[in-house]
Amino acid sequence: MRELITPSQIKRQLLAKWEKGYYLKHLSDGFPLTVSLGTLSSRQMSDDFSSVQSWIDQYRRDQRLSEFLQWNELNHRLFGRQLVPRSLLFATPEDLARYLTKSRELESFSHLLLRLQAVDTRLESWGRKYPLELLKIAEDLERLSTLYRWMIEHPRPRVYLRQIDLPGIDTKFTETYKGILSAWLDLTLESEYIDETTSRFEDRYGYCRKPELVRFRYLDPALSWRGCSDISIPSDQFAGLYRKDEELPITHVFVLENDISALSFPKVANAIALFGRGYTFDALKECAWLHRVELHYWGDIDTHGFRILDQFRSIFPHTRSFLMDWQTLRDHEISWGEETKPTRVELKHLTQREQDLYDELRFDRIRKNLRLEQEFIRYSAVEKSVGQIAFCL
């Protein structure tokens, strides 16, 4: 016999949907709410009348369900007319909340919607769409509304979030609620004040942020600054190191993913080593003078190494790779390792030789998840390769 839905089962189902926010999202269009209890056939009643009767009795005994129960009359040839549960009818959200003992939550949600409406009528639509998020911020809604109003009144202020001087609002509070503030600002702020090209909060809404540092090392002692060769400076200062009309003292830039490889890199005339940061190249995009030097990239021989190279070359098309070839891979077979999460995506900015090796790796033609990490390449191989590119000191 098909299993019949019991009162406890139907309550668990309704409660699960409530706790996911489903019914709060549909307060205006989800009621009256009819919940079917399934269909009971005459044959089911004939096959196991005692089980059916027990099921019916469960609904009759459940006093909390009585006001919502809808009954069907079933005329059975053996047992005569029988009233069987058909469905539950909740006329209003308040009815469902009362049954699920969620009345206080519903009342709180409705009150929070009114408070949002008082801040900006457009925010109410956000609250209805994200009811669970609204309930989570109940205790902080007043402070959050104050912060939001300040941001609306001071669009793109070019200050650090730390400089917003409001009672009870500190940097940690603002950082915690960036996601919600972003949703509110996107919904209500004039489009001219939103930078649609980025999702980073500070850049999108015109706030200052901690500058990204670019770390580089002068490979030519003659270029070092006051005896300093290993230097980290903000990206905008790095981009402004050399003017358009200035003759560059640097002819070669080596981009290296591994810090120790950069620190131990051979001395090279008129060159610097640029410490790579994986997929993060935003700090270098505005550096025009890098387009005027010979750029050399060295990363791991694995699928992500080639993907990072591909991304870097999309910004600097003249980049050439080194020590990322078949011969280097074969010469260091003793150091082969395994890539834990290889990528399989198509790449658009590789040379044919790079593409061929990338395909061998991503399709596991040599060995499954093969990788050769940069730091395992012998130093003599590094010196030889660099010597073929530039003048080593």
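This is a selection-by-selection tour of a predicted model.

**Stop 1: helix 1**

Select residues 7-19. This is helix 1, with 13 residues. From first C-alpha to last it reaches 18 Å, close to the 18 Å expected at 1.5 Å a residue. Now colour Pro7, Ile10, Leu14 and Trp18, the buried residues of helix 1. These residues span an arc of only 75° around the axis, so they sit on the same side of helix 1. The general rule behind such a pattern: an α-helix has 3.6 residues a turn, so residues three or four places apart point the same way. Then step to Gly21, which follows helix 1. The phi of Gly21 is positive, near 90°.

**Stop 2: strand 7**

Select residues 271-275. Is strand 7 enclosed or open? Check burial: 5 of the 5 residues of strand 7 are buried, so the strand is largely enclosed by the rest of the structure. Show the side chains. In a regular strand they alternate between the two faces of the sheet. On one side of strand 7 are Ala271, Ala273 and Phe275. Ile272 and Leu274 are on the other. All of these are buried, and both faces of strand 7 are covered.

**Stop 3**

Look for Phe216, which stands opposite Leu274 in strand 7.

Strand 6 and strand 7 run parallel, joined by 5 bridges. Pick His252: its bridge partner in strand 7 is Ala271.

**Stop 4: helix 18**

Select residues 379-389 for helix 18. Which of its residues are buried? Ala381, Val382, Ser385 and Val386 are. They cover an arc of only 125° around the axis, which means that they lie on the same side of helix 18.

**Stop 5: the cores**

Select Phe238, Val253, Phe254, Phe265, Trp289, Leu290 and Phe306. These have the most contacts inside the largest nonpolar core, which has 58 residues. Centre on Val253. Leaving aside its neighbours within four places in sequence, Val253 is in contact with Ile272, Leu274, Trp289, Leu290, Val293, Glu294, Leu295 and His296.

Finish at a second, separate core, this one of 55 residues. Select Phe109, Leu112, Leu116 and Trp184, which are among its members.

Notes: Residues are numbered from 1 along each chain as its sequence is written. This is a predicted model: local features need pLDDT of at least 70, side-chain atom pairs count only at pLDDT 80 or more; totals for chains, interfaces and linings use all residues. Side-chain values use heavy atoms; hydrogens and water are left out. A nonpolar core is a set of buried Ala, Val, Leu, Ile, Met, Phe, Trp, Tyr and Cys residues joined through side-chain atoms within 4.5 Å. Buried means under 20% relative accessible area, exposed over 50%, partly exposed in between (1.4 Å probe, protein chains only). Contact means heavy atoms within 4.5 Å. Helices (H or I, at least four residues) and strands (E, at least two) are DSSP runs, numbered from the N terminus. The expected span of a helix is 1.5 Å times one less than its number of residues. The arc is that of the directions from the helix axis to the C-beta atoms. Two strands pair if DSSP finds at least two bridges between them.
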